[in-house]
Amino acid sequence: MAQVAIVMGSQSDWPTMHNAAKMLEGLGVSFEAKVVSAHRTPELLSEFSKSAADKGFQVIIAGAGGAAHLPGMIAAHTHLPVFGCPVRSSQLNGLDSLLSIVQMPKGVAVGTLAIGEAGAANAGLLAAQVVALNNSAVRDSIIAFRQQQTDTVLANQSLELK
């Protein structure tokens, strides 16, 4: 049973959202990825969101570009934590997506990440941290990941000017 759902408004969002999947996979967190459009499949969005907890999901990561209504609409239909990932758009380079996701009304929370690949990867990390609250194997993976980051920086501290 998947612990995290990764949803996106269209298949074209996958190049960004696969960064969340790679992070989850690396940390040992099971996930399911699917396309659910807020505008083109509103009934599917409602059905998915309302049934997500019953299906065993603990966290939902939702990536969207442009109007970016997907994360907020999912959050309106579930009690699960939702992390929104703004996907770069061709018109405003993702700023439109960021502002749409981050400006949620009081009482409907969406944790909003950075625009693009880094935000999607961090959404995966945050989702894993939620799962780790009750899963010691995932907690240990996160601790090891953080230590590896530290070790890499410490091993590459010295820079030579040429």
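This tour goes from the whole chain to single residues, one selection at a time.

**Before you start**

The model is predicted: local features need pLDDT of at least 70, side-chain atom pairs count only at pLDDT 80 or more, and totals for chains, interfaces and linings use all residues. Residues are numbered from 1 along each chain as its sequence is written, and side-chain values use heavy atoms, with hydrogens and water left out.

**Stop 1: the whole chain**

Show the protein chain as a cartoon. Helices (H or I, at least four residues) and strands (E, at least two) are DSSP runs, numbered from the N terminus. Follow the chain from the N terminus, and the elements run β-α-β-α-β-α-β-α-β-α-α. The radius of gyration is 16 Å, close to the 15 Å that the globule rule gives for 162 residues, so the chain is as compact as a globular protein of that length. That radius is taken over C-alpha atoms, and the rule is 2.2 Å times the number of residues to the power 0.38.

Now turn the model around. Its C-alpha atoms fill a box of roughly 55 × 40 × 30 Å along the principal axes.

How much of the chain is buried? Of the 162 residues, 43% count as buried. Buried means under 20% relative accessible area, exposed over 50%, and partly exposed in between (1.4 Å probe, protein chains only). Contacts (heavy atoms within 4.5 Å) tell another part of the story. Among those between residues at least 6 apart in sequence, 66% join residues at least 24 apart.

**Stop 2: helix H4**

Select residues 95-102, which form helix H4. Which of its residues are buried? They are Asp-96, Ser-97 and Ile-101. Look down the axis of H4: these buried residues fall within an arc of 120 degrees, so they line one face of the helix. The arc is that of the directions from the helix axis to the C-beta atoms. An α-helix has 3.6 residues a turn, so residues three or four places apart point the same way.

Next, show what covers that face. The cover of the buried residues includes strand S3 (59-64), helix H3 (70-76), strand S4 (82-86) and strand S5 (111-112).

Stay in H4 and pick Leu-95. Leu-95 is partly exposed, at 45% relative accessible area. Its C-alpha atom is 8.5 Å from that of Gly-66, 29 residues away along the chain.

**Stop 3**

Go to the loop between S4 and H4 and select Asn-93. Its phi is positive, about 60 degrees, although Asn-93 is not a glycine. Most residues other than glycine have a negative phi. Asn-93 is partly exposed, at 49%.

Ala-68 sits in the loop between S3 and H3. Its phi is also positive, near 50 degrees. Is Ala-68 buried or exposed? Ala-68 is buried, with a relative accessible area of 4%.

Move to the loop between H3 and S4 and click on Thr-78. Thr-78 is buried, at 15% relative accessibility. Its side chain reaches the backbone nitrogen of Leu-80 at 3.2 Å. Beyond its neighbours within four places in sequence, Thr-78 is in contact with Ser-49 and Ile-60.

**Stop 3: His-39**

Find His-39 in the loop between strand S2 (31-35) and helix H2 (42-51). Leaving aside neighbours within four places in sequence, its contacts are Ala-67 and His-69. Which side chain makes a polar contact with the side chain of His-39? The partner is His-69, at 2.7 Å. A polar contact is a pair of N or O atoms within 3.5 Å; within protein, one must be able to donate a hydrogen and the other to accept it, and residues adjacent in sequence count only if both atoms are side-chain atoms.

Now select Asp-54. His-39 and Asp-54 are 15 residues apart in sequence, but 24 Å apart in space, C-alpha to C-alpha.

**Stop 4: the salt bridges**

How many salt bridges does the whole structure hold? The search finds 2. A salt bridge is a side-chain nitrogen of Lys or Arg within 4 Å of a carboxyl oxygen of Asp or Glu.

Select Glu-32 and Lys-34. Their closest N and O atoms are 3.5 Å apart. Glu-32 is partly exposed at 34%, and Lys-34 is partly exposed at 27%.

Finish with Asp-140 and Arg-139. Here the closest N and O atoms are 3.9 Å apart. Asp-140 is partly exposed at 45%, and Arg-139 is partly exposed at 42%.
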